[in-house]
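Keep the 3D view open as you read.

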Amino acid sequence: MSSEFHAKYQVDILTSGKVYLADILFNDTAMFHFMEYMEQEKCLNLLQFYLAADNFQQQLLTQEGQYDGMEAQSDAMVLYDKYFSLQATDPLGFSDNVRLEVESNICREEGPLPDCFATAKQQALMTIESVHFPGFLTSDLYYLFLSELVNQIKSEIKVPSSDTSTPSSNTSGAGQSTTDQSANKNTLLAEGKVKTLFEMNDFTIDSGVLNPSSLWTRPNQSPMSFGTVNSLGQFVAEYEPDPEVAQHKAKGKFSLRKLVTKEEDKTKEDMAWKVAQMIIKDVNMQTHNTGVGFPSAPDS
């Protein structure tokens, strides 16, 4: 009953254009949606009475006249007090004639018969079938029920396996299980029956990623930078570092900031760089004039 074939059968019946109330009342899932629809229409009490009266009738019929009359009368009074009495908690609006008939059937000396609610039950069924059921078949809840059936069919359809290899019979002993598994695995690999990761996926590798030099020649995609290097090899930072962090730098590193004290301003620091630039320029001029980079040592 929970297979995809039963779900297909239900879809065929419920979309055939000839759907009856019994098709809904005897289907638990469809009945759940129908009760929710009747609750939205504020007519759930009518459906609950029909189900309770039908259950009362079926219970007495199964006992074939061997039921306890007093107990059956007590059960019938529960329905009467709820739906028929002048002080009913959920009155359904039955006429006085129907109410008096129900009272007479319940107060029978031998106890109520199984069909003591027959007239009221028939009127309730006709009202549900002619007034409320057509509206349910065009409601969103009904289409939701059909959608659930279709999704059930889709989820239970199994995709056939593409592996056509025949499983080998398990005839080896326990001591040879490891060896047989390894041999079988190697055989499958040799025959190409095992799909590798590269066969199942389309891998493409950009050749530019494998070239480390491209890292230094790629264009700058962002204006963000920490600084630049000028012609003198000086790194010019584009932001001022935190003074507290600068105190923890290693003292052995060469820095022209040593030429100025911490109390001197940036003007004196710039002057120190200009002096250094003049010295380097003078050395370069002398080097070009002599034609050599460094003087050679005199012969001994």
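This is a predicted model: local features need pLDDT of at least 70, side-chain atom pairs count only at pLDDT 80 or more; totals for chains, interfaces and linings use all residues.

Of its 300 residues, 23% count as buried. Among the contacts with a separation of 6 or more, 59% are between residues 24 or more positions apart.

Two packed helices are described by the angle between their axes and the distance between the axes. On the α3 side, M31, F34, M35, M38 and E39 take part, and they meet L44, L47 and L51 of α4. Sorted by class, this contact has seven nonpolar residues, no polar ones and one charged residue.

Between these two helices, α3 (28–40) and α4 (44–62), runs a loop, and K42 sits in it. Please look at the backbone here: phi of K42 is near 60°, a positive value in a residue other than glycine. Most residues other than glycine have a negative phi. Is K42 buried or exposed? K42 has a relative accessible area of 77%, and because the cut-off for exposed is over 50%, K42 counts as exposed.

Now follow α4 to another partner, helix α7 (residues 118–137). The axes of α4 and α7 come within 9 Å and cross at roughly 140°. These two helices are therefore oblique to each other as well, and α4 passes α7 in a left-handed crossing. From α4 come L46, L47, F49, Y50, A53, D54 and Q57, which meet A120, K121, A124, L125, T127, I128 and H132 of α7. By class, the contact of α4 with α7 has nine nonpolar, three polar and two charged residues. Notice that L47 is in both lists: L47 meets residues of α3 and also takes part in the contact with α7.

A search of the whole structure finds 13 aromatic pairs. One of them joins F49 and F117 edge-to-face, at 6.4 Å centre to centre and with 80° between the planes. Since F49 lies in helix α4 and F117 in the loop between α6 (96–106) and α7, the pair ties together parts that are 68 residues apart in sequence. Both F49 and F117 are buried.

A stacked pair is formed by F84 and F94, with 5.1 Å centre to centre and 15° between the planes. Both F84 and F94 lie in the loop between α5 (69–83) and α6, ten residues apart. F84 has 5% relative accessibility and counts as buried; F94 is buried too, with a relative accessible area of 17%.

What surrounds F117? Leaving aside neighbours within four places in sequence, F117 is in contact with F49, A53, F56, A76, L79, F84, V102 and I106. Its relative accessible area is 2%, so F117 is buried. The C-alpha atoms of F117 and A76 are separated by 8.7 Å, although these residues are 41 residues apart along the chain.

Two further residues are worth a visit. D81 lies in helix α5 and is partly exposed, with a relative accessible area of 39%. Not counting residues up to four places away in sequence, D81 touches Q87, A88 and T89. The C-alpha atoms of D81 and P91, ten residues apart along the chain, are separated by 9.1 Å.

Finally, turn to Q10 in helix α1 (residues 4–14). At 11% relative accessibility, Q10 counts as buried. With residues up to four places away in sequence left out, Q10 touches N27, F145 and L149.

Technical notes: Residues are numbered from 1 along each chain as its sequence is written. Side-chain values use heavy atoms; hydrogens and water are left out. Helices (H or I, at least four residues) and strands (E, at least two) are DSSP runs, numbered from the N terminus. Buried means under 20% relative accessible area, exposed over 50%, partly exposed in between (1.4 Å probe, protein chains only). Contact means heavy atoms within 4.5 Å. Axes are lines fitted to C-alpha atoms, for helices over the stretch in contact, and angles run from 0 to 180 degrees between N-to-C directions. Angles under 35 degrees count as roughly parallel, over 145 as roughly antiparallel, 65 to 115 as roughly perpendicular and the rest as oblique. A crossing is left-handed if the near helix is turned anticlockwise from the far one by less than a right angle, and right-handed if clockwise. Ala, Val, Leu, Ile, Met, Phe, Trp, Tyr, Cys and Pro count as nonpolar, Asp, Glu, Lys and Arg as charged, and the others, Gly among them, as polar. Rings of Phe, Tyr and Trp (its six-membered ring) pair if their centres lie within 6.5 Å; planes under 30 degrees apart count as stacked, over 60 as edge-to-face and the rest as tilted.
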